[in-house]
Amino acid sequence: MQDMVKGREKRHGGIRVIFFIFFIFMGHGLFSQTETKESTKTRGNESADSGNFSTLVSGTGGVFGSLIDENGAPLPYASVFLHQLPDSTTITMNITGENGRFAIRDIPYGNYYLEIQCMGYARHFSNRFTLDEKNNTFRVNKCKITQQAKTLATFEVAAQKEMLQSNLDKKVYQVEGNVMAEGATAIEVLQDIPSVEVDIEGNVSLRGNSNVTILVDGRPTNLTLDQIPSSQIESIEVITNPSARLDPDGMSGILNVILKKKKEAGLNGMITLGGATTVFQKKPYFDNYNGNINLNYSYDKINVFLNYSYRRFGRRGEGILTRTSWTEQGDSSFLDQNSTQKNFGNSHNLRTGLDWYVNKQNTLSFTFGYNFNSFEGDNQLLSNNAHLLYGEKLPYWNYTQTGTNTNAGNNYSGNISYKKTFETKGRELTADIYYTRMNRDADNRYLQTFSVPEEANDYFQQTRSISQNQNASAQIDFVTPAGNGGRIETGYKFAYRSIEQDYKLYDGISFDTRVLDSSQINDFLYSEYINSLYFIYSNVFWKKLKVQVGVRGEWANTVSNLKSADTIIPHSYPNIFPSAHVVYEFNEQHSLQISYSMRVTRPRVNQLNPFKDISDRLNISQGNPDLKPEFAHNIELGYLMFVKNTSLSLTTFYRQRNDIISRYTELLEDIDETGTAYPYTLTSYANLRHSQNVGIEAIFGQRIFKWWRLNLNGDFYRVMINSNDLIDENLSNDWSWGFRVNNSFNFPKDWSAQLNFRYRSASLTTGSMGWGTGGVGQGKRSANYSVGLGAKKGFLNNTLTLNLNIRDLIYRRDTKIHTYAYNTPNGYDANSTRQNSQFQVNLSVSYKINNFKRRIDKHPDSNAEEENMGTSTD
């Protein structure tokens with residue numbers, strides 16, 4: 001006990017050091033500035049002075065100006081947002097000084113417009129303008145901001161962003177405004193994203209690989225995806241080849257869930273209430289409903305937000321497993337299992353935060369999150385076990401198993417961020433501290449009643465698991481211009497993770513007679529410490545060639561402590577992770593890019609834990625403490641085209657994986673209390689040699705009419721695994737493909753609709769569709785498809801919105817997996833089928849607080865009235 005306390009004190013001491021370093025940096029940035037207000041005013045005047053245009057970085061422009069109120073006095077502390085056309089993406093934000101002036105520099109050439117917000121005044125928009133070589137600046141001189149809105153013209157900004165946007169190293173999927181996302185969770189949202197697959201158990205894979213890292217706002221999380229409501233999600237980033245700035249975890253890449261955080265002047269928000277009906281076995285159920293409130297208040301230098309959501313849900317499913325097995329001695333047996341389950345749960349999510357714009361060069365942000373969730377369920381299993389003798393089935397175990405499960409937990413998270421900009425444009429220092437902790441208590445019970453053999457006693461089992469997960473990180477990043485148009489990014493990060501599980505198993509013939517099984521006590525603590533440094537250099541050559549190269553060095557130390565067996569297994573992994581991105585822009589419409597990154601997948605706690613779980617004695621599972629990390633080399637070659645109303649993205653990719661961490665199932669034999677031999681499966685993990693994954697991905701977008709937007713995407717890839725002869729060759733090599741069609745419609749009178757179709761061919765899988773935590777590992781999953789339909793109607797100038805959508809309007813009702821092992825002395829051939837609740841109808845109503853409608857001038861030229869529109873200069 002004392003050693004454990006000392007160990008915790010040591011870990012917490014390391015975290016305290018990081019906090020101390022963070023506040024030294026933050027305090028220096030906030031309080032060591034010796035400049036007076038007068039010098040600040042002078043720089044503010046100079047920043048808006050056309051005489052300083054020569055300081056702009058090559059290939060970029062600037063926006064300069066001043067704001068006045070209705071009396072002609074300078075308007076300080078107004079927020080000036082720069083939006084990019086055509087999708088109204090917010091590029092950056094600036095705050096006017098006491099003299100009402102503002103300056104935004106180093107803006108990449110393109111089409112933009114300004115949005116001006118100030119507490120107590122109406123929102124104003126500039127006309128759209130273009131920054132290029134001939135006109136690299138845009139001026140707004142003494143723009144008068146009034147308390148009543150001005151009708152600048154009738155050009156309406158696209159209120160909805162394009163559903164899919166491509167950037168240098170990532171693709172961004174916009175969730176806000178997606179009709180089909182209403183009333184869903186992050187799980188359902190991911191099902192609509194190109195190259196992402198979610199199986200019936202909620203396991204996520206990217207390009208056919210389940211080794212994908214899930215982040216929330218760029219940070220690890222203890223929350224599962226079904227605990228994040230779609231109403232709190234703004235977008236999801238798909239990063240298949242991350243730069244050296246991001247952690248290298250995740251073999252196939254990163255899925256980063258970006259949560260909503262509005263920054264609009266005054267008080268605004270949205271309240272949403274919804275309910276859903278699901279259908280299972282042709283019977284409807286009305287036990288899904290949700291509520292959500294998003295509030296934001298911004299005044300002067302402070303922005304505060306609050307998001308709260310509640311969700312009640314019910315899930316139902318059934319499964320069938322049949323398995324024929326044989327042993328080296330020639331014995332054969334047959335297993336037939338039918339299972340049903342229903343689960344109900346509640347989830348509360350609270351997220352709040354504050355942004356403090358201390359001054360033009362310093363910003364502090366604080367974020368806090370809390371989640372509470374609870375689950376309860378009932379399940380039943382009918383299991384028939386028989387020996388096969390000359391084609392006949394001789395039963396030796398037939399029983400009915402009824403069970404209950406309860407699971408409750410809470411999660412806390414907190415974040416402090418600091419950002420400092422410098423006089424040198426493009427130079428920036430950021431620091432970030434993050435901590436999250438989850439506590440969970442799970443209780444599972446079942447009773448087996450035997451019909452064969454008749455003399456067998458009932459068997460009762462209870463498992464109790466208490467777990468605590470912690471994640472902490474501290475990071476400092478620095479960005480600065482370098483040379484002629486170059487940029488350097490560098491930083492340091494310390495990350496700490498611990499997972500502690502206390503597991504106990506009780507058994508007997510009933511609840512009252514149960515006793516603790518001392519062999520099934522599992523007190524396991526996994527700790528991980530990672531120190532990392534990175535360096536990135538990027539530049540633009542000949543105005544067409546963009547190059548970014550980076551390297552990340554990491555030293556990872558892990559400790560697996562099976563305290564119940566007094567076993568400690570440490571590991572240390574120093575590694576270098578290079579990355580590179582190159583883009584050649586033929587012109588504004590066509591570009592070619594190639595990228596490379598090295599990735600790692602570290603073994604998870606359940607994969608390392610050597611404890612043998614016998615809670616299901618027909619399907620036993622056990623971790624492997626000798627697992628090594630898995631490494632991969634990813635290469636992508638892509639082509640992007642944007643021509644008027646058409647966009648096209650073509651990507652070919654190649655992935656080489658070494659020391660593959662794979663779930664592996666083998667058949668073994670044991671003897672029961674009566675002396676009868678019976679087969680069971682043992683599922684564990686092993687490092688396979690290597691694999692290759694090659695494929696192509698295409699994403700096509702077309703605005704067919706002004707009211708109809710079509711998005712098509714598909715992928716085709718092959719997986720080739722060298723498995724040390726552990727897995728049958730037919731389960732080591734496979735082709736797979738899939739495609740999605742998404743139609744978005746915007747009709748008059750605030751009507752909109754969406755129609756989706758998704759198809760995924762049969763593919764390799766390493767999961768289990770059998771009963772319990774074990775089951776079969778290597779296998780092949782059947783194809784699946786679904787159709788979704790949704791409609792939305794706005795009322796009261798879109799202040800009130802009614803949304804109706806149907807997920808799985810047409811769908812394949814079951815998922816099948818065929819698994820087998822013919823290349824080992826003990827073999828098996830198994831088929832499993834699983835069905836869950838589907839055909840879900842969601843109805844929701846939303847009300848916006850302080851609703852607004854964005855409009856800017858429709859004329860393309862930037863030369864208009866100086867007071868309202870601003871002017872371009874070269």
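The side chain of Gln468 makes a polar contact with the side chain of Asn439, at 3.3 Å. A polar contact is a pair of N or O atoms within 3.5 Å; within protein, one must be able to donate a hydrogen and the other to accept it, and residues adjacent in sequence count only if both atoms are side-chain atoms. The model is predicted: local features need pLDDT of at least 70, side-chain atom pairs count only at pLDDT 80 or more, and totals for chains, interfaces and linings use all residues. Residues are numbered from 1 along each chain as its sequence is written, and side-chain values use heavy atoms, with hydrogens and water left out.

Gln468 sits in strand 24, residues 459–482. Strands (E, at least two residues) and helices (H or I, at least four) are DSSP runs, numbered from the N terminus. Beyond its neighbours within four places in sequence, Gln468 is in contact with Arg437, Met438, Asn439, Ser498, Ile499 and Glu500. Contact means heavy atoms within 4.5 Å. Gly409 is 59 residues from Gln468 along the chain, and their C-alpha atoms are separated by 9.5 Å.

A salt bridge is a side-chain nitrogen of Lys or Arg within 4 Å of a carboxyl oxygen of Asp or Glu. By this rule the count comes to 19. Arg464 pairs with Asp441, with the closest N and O atoms 2.7 Å apart. Arg464 is partly exposed, with a relative accessible area of 34%. Asp441 is partly exposed too, at 28%. Buried means under 20% relative accessible area, exposed over 50%, and partly exposed in between (1.4 Å probe, protein chains only).

Glu500, a contact of Gln468, forms a salt bridge with Lys563 (2.9 Å, N to O). Lys563 lies in the loop between strand 28 (545–562) and strand 29 (567–585) and Glu500 in strand 25 (residues 486–508), so this pair ties together parts that are 63 residues apart in sequence. Lys563 is partly exposed at 23% relative accessibility. Glu500 is buried at 14%.

In a further salt bridge, the closest N and O atoms of Glu630 and Arg657 are 2.4 Å apart. Glu630 belongs to strand 33 (residues 630–643) and Arg657 to strand 34 (residues 646–671), so the pair ties together parts that are 27 residues apart in sequence. Both Glu630 and Arg657 are buried. Salt bridges that share partners also join Asp247, Asp249, Lys493, Arg552, Glu554 and Arg602 into one network.

Strand pairing was examined next. Two strands pair if DSSP finds at least two bridges between them. Strand 35 (residues 677–705) and strand 36 (residues 708–722) run antiparallel and are joined by 15 bridges. A hairpin links strand 35 to strand 36 through two residues. Ile699 stands opposite Asn713 in strand 36. Strand 36 also runs antiparallel to strand 37 (residues 733–747), with 13 bridges between them. The bridge partner of Trp708 in strand 37 is Phe745.

Strand 45 (838–849) is among the strands that supply at least two patch residues. Strand 45 gives the most, with three residues.
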